[in-house]
Amino acid sequence: MLALAGLWSCRKDVEIFKAYPPTLEAIQHLLEQVPSASTQTKFVLSGSVPDTMLATPGGVRVFLTDNEHLFAGADGAEVPCSSCQTLQVEVTEALHKGDIISRGIPTTTITNKLLESGGMVRIVVTCDGKPLHLKSDRKLKIQIPANDPADDMTVFSGVIKNDTFVGWQDSGLPVFQAEWPEPNGNNTVTGYELFSPDLDWINCDRFVNEQTTSFCVDLPASFNPVNSTAYLVFDNIRAVAVLEADAGSGTFCYQHAPHGYQVRIVTVSKTDDGKYWLGNSTTEIGTNATLNVVPQEVTEQQMLNFLKNL
(Lines give C-alpha, C1' and ligand atoms only; values in the text may rest on other atoms or scores of the structure.)
Protein backbone atom coordinates (compact mmCIF):
# COMPACT_ATOMS: atom_id res chain seq x y z
CA MET A 1 0.00 0.00 0.00
CA LEU A 2 1.11 3.61 -0.56
CA ALA A 3 2.65 4.98 2.63
CA LEU A 4 1.36 8.36 3.75
CA ALA A 5 2.79 10.78 6.29
CA GLY A 6 0.76 13.60 7.78
CA LEU A 7 2.61 16.79 8.70
CA TRP A 8 0.53 19.27 10.70
CA SER A 9 1.78 22.84 11.04
CA CYS A 10 1.55 24.97 14.20
CA ARG A 11 0.64 28.06 12.19
CA LYS A 12 -2.79 29.48 12.91
CA ASP A 13 -5.69 27.58 11.29
CA VAL A 14 -3.45 26.08 8.63
CA GLU A 15 -3.20 22.33 8.07
CA ILE A 16 -0.60 20.91 5.69
CA PHE A 17 -0.70 17.29 4.51
CA LYS A 18 2.17 15.88 2.48
CA ALA A 19 2.35 12.43 0.87
CA TYR A 20 5.51 10.49 0.27
CA PRO A 21 6.41 10.09 -3.42
CA PRO A 22 4.70 7.10 -5.06
CA THR A 23 6.64 3.85 -5.23
CA LEU A 24 6.36 0.43 -6.84
CA GLU A 25 4.30 -0.50 -3.80
CA ALA A 26 1.64 1.94 -4.98
CA ILE A 27 1.62 0.32 -8.42
CA GLN A 28 1.18 -3.08 -6.79
CA HIS A 29 -1.79 -1.72 -4.87
CA LEU A 30 -3.32 -0.69 -8.21
CA LEU A 31 -2.62 -4.08 -9.78
CA GLU A 32 -4.36 -5.86 -6.92
CA GLN A 33 -7.62 -4.31 -8.14
CA VAL A 34 -7.40 -6.00 -11.57
CA PRO A 35 -8.64 -9.57 -10.90
CA SER A 36 -12.38 -10.12 -10.62
CA ALA A 37 -13.64 -11.22 -7.21
CA SER A 38 -14.95 -14.35 -8.93
CA THR A 39 -11.38 -15.55 -9.53
CA GLN A 40 -11.04 -16.40 -5.83
CA THR A 41 -13.37 -18.94 -4.24
CA LYS A 42 -13.42 -20.13 -0.62
CA PHE A 43 -14.96 -23.48 0.24
CA VAL A 44 -15.68 -24.09 3.92
CA LEU A 45 -16.15 -27.71 5.06
CA SER A 46 -16.40 -29.30 8.49
CA GLY A 47 -16.32 -32.71 10.12
CA SER A 48 -15.78 -35.85 8.11
CA VAL A 49 -15.33 -34.88 4.45
CA PRO A 50 -16.33 -37.52 1.89
CA ASP A 51 -14.65 -37.67 -1.51
CA THR A 52 -15.81 -34.49 -3.16
CA MET A 53 -15.24 -32.16 -6.10
CA LEU A 54 -15.02 -28.39 -5.63
CA ALA A 55 -15.93 -26.30 -8.70
CA THR A 56 -15.17 -22.59 -9.06
CA PRO A 57 -17.17 -20.04 -11.11
CA GLY A 58 -14.31 -20.07 -13.65
CA GLY A 59 -14.69 -23.80 -14.20
CA VAL A 60 -11.63 -25.03 -12.28
CA ARG A 61 -12.33 -28.31 -10.47
CA VAL A 62 -10.42 -29.56 -7.41
CA PHE A 63 -10.90 -33.14 -6.20
CA LEU A 64 -10.56 -34.11 -2.53
CA THR A 65 -10.21 -37.88 -2.08
CA ASP A 66 -9.29 -40.12 0.86
CA ASN A 67 -9.37 -36.98 2.97
CA GLU A 68 -8.40 -38.57 6.26
CA HIS A 69 -4.95 -39.19 4.77
CA LEU A 70 -4.52 -36.28 2.36
CA PHE A 71 -3.05 -33.42 4.41
CA ALA A 72 -0.34 -32.79 6.99
CA GLY A 73 0.41 -29.89 9.31
CA ALA A 74 3.52 -27.74 9.66
CA ASP A 75 5.17 -30.44 11.81
CA GLY A 76 4.61 -33.09 9.13
CA ALA A 77 2.02 -34.99 11.17
CA GLU A 78 -1.08 -36.22 9.35
CA VAL A 79 -4.19 -34.07 9.83
CA PRO A 80 -7.43 -35.95 9.11
CA CYS A 81 -10.12 -33.66 7.75
CA SER A 82 -12.53 -34.99 10.37
CA SER A 83 -10.34 -33.41 13.06
CA CYS A 84 -11.01 -29.91 11.69
CA GLN A 85 -13.98 -27.93 12.93
CA THR A 86 -13.43 -25.72 9.89
CA LEU A 87 -11.58 -26.94 6.82
CA GLN A 88 -11.15 -24.11 4.31
CA VAL A 89 -10.00 -24.60 0.73
CA GLU A 90 -9.23 -21.35 -1.08
CA VAL A 91 -8.86 -21.57 -4.87
CA THR A 92 -7.46 -18.61 -6.82
CA GLU A 93 -7.44 -18.72 -10.63
CA ALA A 94 -5.13 -16.90 -13.02
CA LEU A 95 -6.45 -17.70 -16.48
CA HIS A 96 -5.99 -14.27 -18.10
CA LYS A 97 -2.83 -12.31 -18.86
CA GLY A 98 -3.97 -9.28 -16.86
CA ASP A 99 -4.46 -11.49 -13.82
CA ILE A 100 -1.00 -13.01 -14.32
CA ILE A 101 0.51 -9.51 -14.25
CA SER A 102 -1.57 -8.34 -11.31
CA ARG A 103 -0.81 -11.37 -9.14
CA GLY A 104 2.92 -11.19 -9.88
CA ILE A 105 3.20 -14.71 -11.31
CA PRO A 106 4.81 -14.34 -14.77
CA THR A 107 5.11 -17.47 -16.92
CA THR A 108 8.85 -17.84 -16.43
CA THR A 109 10.91 -20.47 -14.62
CA ILE A 110 13.19 -19.87 -11.65
CA THR A 111 15.96 -19.35 -14.24
CA ASN A 112 13.73 -16.91 -16.17
CA LYS A 113 13.06 -19.20 -19.16
CA LEU A 114 9.74 -18.54 -20.90
CA LEU A 115 6.77 -20.88 -20.49
CA GLU A 116 3.42 -21.14 -22.24
CA SER A 117 0.74 -21.65 -19.61
CA GLY A 118 -2.42 -23.69 -19.90
CA GLY A 119 -3.75 -22.01 -16.77
CA MET A 120 -2.68 -21.61 -13.17
CA VAL A 121 -4.35 -21.90 -9.80
CA ARG A 122 -3.38 -21.29 -6.20
CA ILE A 123 -4.77 -23.65 -3.59
CA VAL A 124 -4.48 -22.83 0.10
CA VAL A 125 -5.91 -25.24 2.68
CA THR A 126 -6.30 -24.50 6.40
CA CYS A 127 -7.59 -26.49 9.35
CA ASP A 128 -9.07 -24.20 11.99
CA GLY A 129 -6.92 -21.40 10.59
CA LYS A 130 -3.66 -23.40 10.53
CA PRO A 131 -2.06 -24.04 7.12
CA LEU A 132 -1.93 -27.56 5.71
CA HIS A 133 0.12 -29.12 2.93
CA LEU A 134 -0.20 -32.33 0.95
CA LYS A 135 1.38 -35.42 2.45
CA SER A 136 4.54 -36.42 0.61
CA ASP A 137 2.90 -39.54 -0.84
CA ARG A 138 -0.24 -37.79 -2.09
CA LYS A 139 -1.16 -35.66 -5.10
CA LEU A 140 -4.13 -33.36 -5.71
CA LYS A 141 -6.24 -33.81 -8.84
CA ILE A 142 -7.12 -30.56 -10.61
CA GLN A 143 -8.96 -29.83 -13.86
CA ILE A 144 -8.52 -26.50 -15.69
CA PRO A 145 -10.81 -25.63 -18.63
CA ALA A 146 -9.24 -24.78 -22.01
CA ASN A 147 -10.86 -24.42 -25.41
CA ASP A 148 -8.00 -26.01 -27.31
CA PRO A 149 -5.71 -27.87 -24.89
CA ALA A 150 -2.14 -28.24 -26.12
CA ASP A 151 0.19 -31.24 -26.02
CA ASP A 152 3.34 -31.70 -23.95
CA MET A 153 2.25 -29.78 -20.87
CA THR A 154 3.77 -30.66 -17.50
CA VAL A 155 2.98 -29.69 -13.92
CA PHE A 156 4.95 -26.73 -12.53
CA SER A 157 5.01 -25.56 -8.93
CA GLY A 158 5.42 -21.93 -7.91
CA VAL A 159 8.56 -21.21 -5.90
CA ILE A 160 8.09 -18.70 -3.08
CA LYS A 161 11.03 -17.22 -1.19
CA ASN A 162 10.60 -14.65 1.59
CA ASP A 163 6.93 -14.32 0.61
CA THR A 164 7.96 -13.39 -2.95
CA PHE A 165 7.19 -15.39 -6.09
CA VAL A 166 10.49 -16.15 -7.87
CA GLY A 167 9.37 -18.44 -10.72
CA TRP A 168 8.02 -21.83 -11.75
CA GLN A 169 9.77 -25.16 -11.24
CA ASP A 170 9.03 -28.23 -13.37
CA SER A 171 7.82 -31.23 -11.37
CA GLY A 172 8.28 -33.51 -14.39
CA LEU A 173 4.71 -34.80 -13.98
CA PRO A 174 2.60 -34.99 -17.15
CA VAL A 175 -0.58 -33.02 -17.78
CA PHE A 176 -3.42 -34.79 -19.57
CA GLN A 177 -6.06 -33.53 -21.98
CA ALA A 178 -9.50 -34.27 -20.60
CA GLU A 179 -13.22 -33.76 -21.02
CA TRP A 180 -15.95 -33.48 -18.39
CA PRO A 181 -19.63 -32.46 -18.36
CA GLU A 182 -20.80 -28.93 -17.60
CA PRO A 183 -22.71 -28.58 -14.31
CA ASN A 184 -26.00 -28.64 -16.20
CA GLY A 185 -24.92 -31.78 -18.05
CA ASN A 186 -25.88 -30.37 -21.46
CA ASN A 187 -22.39 -29.77 -22.85
CA THR A 188 -18.85 -31.07 -22.53
CA VAL A 189 -15.93 -29.04 -21.21
CA THR A 190 -12.42 -29.59 -22.59
CA GLY A 191 -9.28 -28.82 -20.68
CA TYR A 192 -6.32 -30.08 -18.70
CA GLU A 193 -6.18 -32.65 -15.93
CA LEU A 194 -3.17 -32.71 -13.64
CA PHE A 195 -2.02 -34.24 -10.37
CA SER A 196 -0.03 -31.77 -8.30
CA PRO A 197 2.43 -32.84 -5.58
CA ASP A 198 2.16 -29.39 -3.96
CA LEU A 199 -0.34 -26.78 -2.87
CA ASP A 200 0.00 -23.01 -3.30
CA TRP A 201 0.62 -21.89 -6.91
CA ILE A 202 0.23 -24.68 -9.49
CA ASN A 203 0.61 -24.32 -13.25
CA CYS A 204 0.41 -26.49 -16.36
CA ASP A 205 3.05 -25.33 -18.83
CA ARG A 206 5.38 -26.18 -21.64
CA PHE A 207 8.65 -24.52 -22.57
CA VAL A 208 8.73 -22.13 -25.51
CA ASN A 209 11.58 -23.91 -27.30
CA GLU A 210 12.64 -21.29 -29.82
CA GLN A 211 15.94 -19.50 -30.34
CA THR A 212 16.04 -16.60 -27.91
CA THR A 213 17.50 -13.13 -27.80
CA SER A 214 17.73 -10.12 -25.53
CA PHE A 215 14.80 -7.70 -25.81
CA CYS A 216 14.87 -4.29 -24.15
CA VAL A 217 12.62 -1.28 -23.69
CA ASP A 218 13.80 2.31 -23.30
CA LEU A 219 11.46 4.74 -21.54
CA PRO A 220 11.79 8.52 -21.23
CA ALA A 221 14.03 9.64 -18.37
CA SER A 222 11.11 10.47 -16.06
CA PHE A 223 10.07 6.78 -16.05
CA ASN A 224 12.47 4.62 -14.10
CA PRO A 225 12.72 1.46 -11.97
CA VAL A 226 11.38 3.39 -8.96
CA ASN A 227 8.05 4.38 -10.54
CA SER A 228 7.53 1.93 -13.42
CA THR A 229 7.11 -1.76 -14.19
CA ALA A 230 7.33 -3.34 -17.65
CA TYR A 231 5.98 -6.56 -19.12
CA LEU A 232 6.30 -8.58 -22.32
CA VAL A 233 2.81 -9.92 -23.14
CA PHE A 234 2.63 -12.52 -25.92
CA ASP A 235 -0.24 -12.25 -28.41
CA ASN A 236 -1.12 -15.81 -29.36
CA ILE A 237 -0.10 -17.81 -26.30
CA ARG A 238 -0.75 -17.39 -22.57
CA ALA A 239 2.70 -16.08 -21.69
CA VAL A 240 3.92 -13.04 -19.77
CA ALA A 241 7.50 -12.09 -18.86
CA VAL A 242 8.70 -9.27 -16.63
CA LEU A 243 11.21 -6.91 -18.16
CA GLU A 244 13.87 -6.46 -15.48
CA ALA A 245 15.04 -2.93 -14.80
CA ASP A 246 18.65 -1.82 -14.97
CA ALA A 247 18.93 0.79 -12.23
CA GLY A 248 21.87 2.48 -13.94
CA SER A 249 20.52 2.93 -17.46
CA GLY A 250 16.78 2.85 -16.78
CA THR A 251 16.41 0.23 -19.53
CA PHE A 252 14.04 -2.71 -18.98
CA CYS A 253 15.14 -6.04 -20.53
CA TYR A 254 14.21 -9.71 -20.86
CA GLN A 255 17.09 -11.97 -21.84
CA HIS A 256 15.17 -15.02 -23.11
CA ALA A 257 12.73 -13.58 -25.67
CA PRO A 258 11.90 -16.11 -28.42
CA HIS A 259 12.41 -15.05 -32.04
CA GLY A 260 9.46 -14.35 -34.27
CA TYR A 261 6.72 -13.94 -31.64
CA GLN A 262 4.23 -11.09 -31.77
CA VAL A 263 4.26 -9.29 -28.44
CA ARG A 264 2.77 -6.33 -26.65
CA ILE A 265 4.99 -4.23 -24.40
CA VAL A 266 3.05 -2.94 -21.41
CA THR A 267 4.47 -0.46 -18.92
CA VAL A 268 2.69 0.77 -15.79
CA SER A 269 3.91 3.96 -14.13
CA LYS A 270 2.86 6.39 -11.42
CA THR A 271 4.76 9.67 -11.17
CA ASP A 272 5.32 11.96 -8.18
CA ASP A 273 2.35 14.13 -9.17
CA GLY A 274 0.02 11.14 -8.66
CA LYS A 275 -0.64 10.59 -12.38
CA TYR A 276 -0.81 7.16 -14.02
CA TRP A 277 0.98 6.44 -17.29
CA LEU A 278 0.46 3.48 -19.62
CA GLY A 279 2.94 2.25 -22.20
CA ASN A 280 1.37 0.09 -24.89
CA SER A 281 3.30 -0.92 -28.01
CA THR A 282 3.31 -3.97 -30.25
CA THR A 283 6.19 -5.52 -32.14
CA GLU A 284 7.76 -8.79 -33.22
CA ILE A 285 10.75 -10.20 -31.36
CA GLY A 286 13.88 -9.79 -33.49
CA THR A 287 17.59 -9.97 -32.73
CA ASN A 288 18.91 -7.92 -29.79
CA ALA A 289 16.09 -5.43 -30.18
CA THR A 290 15.58 -2.28 -28.14
CA LEU A 291 12.23 -0.55 -28.47
CA ASN A 292 11.48 3.03 -27.44
CA VAL A 293 8.14 3.29 -25.64
CA VAL A 294 6.53 6.58 -24.65
CA PRO A 295 3.85 6.11 -21.96
CA GLN A 296 0.61 8.08 -22.20
CA GLU A 297 -1.25 9.61 -19.28
CA VAL A 298 -4.38 7.66 -18.30
CA THR A 299 -6.84 7.67 -15.44
CA GLU A 300 -6.69 4.96 -12.81
CA GLN A 301 -9.87 3.42 -14.22
CA GLN A 302 -8.50 3.45 -17.78
CA MET A 303 -5.40 1.63 -16.55
CA LEU A 304 -7.52 -0.97 -14.75
CA ASN A 305 -9.78 -1.47 -17.78
CA PHE A 306 -6.79 -2.01 -20.06
CA LEU A 307 -5.18 -4.59 -17.78
CA LYS A 308 -8.48 -6.42 -17.22
CA ASN A 309 -8.86 -6.84 -20.98
CA LEU A 310 -5.38 -8.11 -21.83
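An open sheet of eight strands runs in the order β22-β16-β19-β18-β17-β20-β21-β23, with mixed pairing. Strands here are DSSP runs of E of at least two residues, helices are runs of H or I of at least four, and both are numbered from the N terminus; two strands pair if DSSP finds at least two bridges between them. At the edges stand β22 (289-292) and β23, each with a single partner strand, so one side of each has no neighbour in the sheet. From one strand to the next the twist averages 30°, with axes taken as lines fitted to C-alpha atoms (for helices over the stretch in contact) and angles running from 0 to 180 degrees between N-to-C directions. The model is a predicted one, so local features need pLDDT of at least 70 and side-chain atom pairs count only at pLDDT 80 or more, while totals for chains, interfaces and linings use all residues. Residues are numbered from 1 along each chain as its sequence is written, and side-chain values use heavy atoms, with hydrogens and water left out.

Within this sheet, β19 is a handy place to start. Strand β16 (residues 212-218) is joined to β19 by five bridges, and the two run antiparallel; V217 has F252 of β19 as its bridge partner. β18 is also antiparallel to β19, through two bridges, and E244 stands opposite C253 in β19. The hairpin of β18 and β19 has six residues between the strands, and G250 takes a positive phi near 80° there. Five of the seven residues of strand β19 (residues 252-258) are buried, so the strand is largely enclosed by the rest of the structure. Buried means under 20% relative accessible area, exposed means over 50%, and partly exposed is in between (1.4 Å probe, protein chains only).

Further along the sheet, strand β20 (residues 262-270) and strand β21 (residues 276-284) pair in the antiparallel sense over nine bridges, with Q262 opposite E284 in β21. Their hairpin has five residues between the strands, and G274 takes a positive phi near 85° in it. β21 then pairs with strand β23 (residues 296-298), again antiparallel, over three bridges. Among the bridge partners here, L278 goes with Q296 of β23 and Y276 with V298 of β23.

Another open sheet has five strands in the order β4-β5-β10-β14-β13, with antiparallel pairing. Its edge strands, β4 (52-55) and β13 (176-181), each pair on one side only. Neighbouring strands of this sheet are turned by 30° against each other on average, direction ignored. Six bridges link β13 to the antiparallel strand β14 (residues 188-196), and F176 has E193 of β14 as its bridge partner.

As for the chain as a whole, the secondary structure comes to three helices and 23 strands. The C-alpha trace spans about 65 × 60 × 40 Å along its principal axes, and 46% of the 310 residues count as buried.

In soluble globular proteins, nonpolar side chains tend to be buried together. The largest nonpolar core here has 34 residues, and F71, I123, L140 and I142 have the most contacts inside it. A nonpolar core is a set of buried Ala, Val, Leu, Ile, Met, Phe, Trp, Tyr and Cys residues joined through side-chain atoms within 4.5 Å. Two or more residues of this core come from each of β5 (61-64), β7 (87-94), β8, β9 (130-134), β10 (140-145), β14 and β15, with β8 giving the largest share, four residues.

α1 (24-31), β12 (164-174), β15 (200-207) and β18 (240-245) are the elements that give two or more residues to the lining, and β12 provides the largest share, four residues. By class, the lining divides into ten nonpolar, eleven polar and six charged residues. Ala, Val, Leu, Ile, Met, Phe, Trp, Tyr, Cys and Pro count as nonpolar, Asp, Glu, Lys and Arg as charged, and the others, Gly among them, as polar.
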